[in-house]
Amino acid sequence: MATLMITQRFPPHVGAAARRLGHLAQVFAREGEVFVIRSGTDGEDDPAVTETFNLPTQDLRRLSAGTGSTLDTRKKQQPILRILLRLRQAYPFLYLTDDGGPAYRQKAFALAVELVEKNEVKTIYSSFRPWTDHLVAWRLKKKFPELNWIADFRDLPVDPVRADVWFPALQRWWGKRIIADATEVWTVSEGQKAQLTGWHPNLRVRYNSLFALPPERSAPASDRFTITYTGSLYPGLQNMDVMVRALRELITEGRISPYKVCLQYRGKDAEIFRSWTAGLPAHCLDVETSIAPATAQKMQHAATILLLLNWSAPGYYGVLTAKLWDYLATGRPILALVNGPGDQELNDIILGADAGAVFKTAEQGEVKAWLLARFQHWKTECTLPWETNRETLKRYLT
């Protein structure tokens, strides 16, 4: 049973989306051949895929970023770009401005028709973002009603907290019409599924995969108590003030030496991280602008504690970024700070696996006590041993 994946973020694109898509290709390959239509990208093809087709794109992302790469957070805050980005995936503008562009959609649809007819494709899979991939799959389902169409949402098309699209009511009305013919709709969390309630009668949670179980026990030695964060930061959504204040108080009280603790950051938003940690001694910070994925993984495995920054709102939860699954695979303790009223789904995953602690940003006293206890344990032998519940995590391997 052949599967056709229509997705612009497929490997060798890098990032969370590509990793999810690459894993799903391996899952589909268990059932038969897998064909992929993606945006033009040079690089080694995924061995799970029977054949990959690269199509050129000419879109707003490429024009605004120069090379089609991700814009850094501060650039996104520029007034004209904020307007363009909110318009980019809003109906009706997205027919011209969405990733890929009109020419890509036409070529992708024509190629998809040919692949369906020649290879007995039974399942088509499309992934948001962008809407472009769903639009191609929507046309394909209209032409071949017997196809099984899986419409996957890695992100919310209308996010009430991020508010990153114009005319939300119009987007809901239009989005429901586009995915109405899908056989099933996948989301990456229960919280995301709750937000899409009413969009489609057959919603299913398909978590991002845990690529490997953590070791039985991890205890890296280090000369400093290192709290590590790698990747993007989201001003207005994330908040690490509670941890910074706790560390500042512990240093002032003499309970933690400023020369023994280190906040380590690697990613494109280094200046934001510096501003968020203002008030801590400079020698407590180890901040660099970028890092290769392989090096980031080594840093995560070597960290004393891994910092996870999430957000929530009333009735809004389940922001399960790819970073969570990276962290779980290391076996190192996670300190998750939720900016908002809390996140039961995140609690269940982290606490259920004995993988660390989850705090709301209002719980400064609890964060301070947790950090002090971990530091005191670490300073006796310059290591913080940790054992994660591997049995609980096995459910996230497939």
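The sulfur of C382 lies 14 Å from the closest cysteine sulfur, in C262, which is too far for a bond, a disulfide being a pair of cysteine sulfur atoms within 2.5 Å. C382 counts as partly exposed because its relative accessibility is 30%, where buried means under 20% relative accessible area, exposed over 50% and partly exposed in between, with a 1.4 Å probe and protein chains only. The structure holds zero disulfides. C284 is likewise in no disulfide, the nearest cysteine sulfur, that of C262, being 7.8 Å away; at 1% relative accessibility, C284 counts as buried.

This is a predicted model, in which local features need pLDDT of at least 70 and side-chain atom pairs count only at pLDDT 80 or more, whereas totals for chains, interfaces and linings use all residues. Residues are numbered from 1 along each chain as its sequence is written, and side-chain values use heavy atoms, with hydrogens and water left out.

Turning to the chain as a whole, 16 helices and 13 strands are found, taken as DSSP runs (helices H or I, at least four residues; strands E, at least two) and numbered from the N terminus. The radius of gyration of the chain, 22 Å, agrees with the value near 21 Å that a compact globule of 398 residues would have; this radius is taken over C-alpha atoms, and the globule rule is 2.2 Å times the number of residues to the power 0.38. Along its principal axes, the C-alpha trace spans about 70 × 45 × 40 Å.

Of the 398 residues in the chain, 53% are buried. Among contacts (heavy atoms within 4.5 Å) with a separation of 6 or more, 72% join residues 24 or more positions apart.
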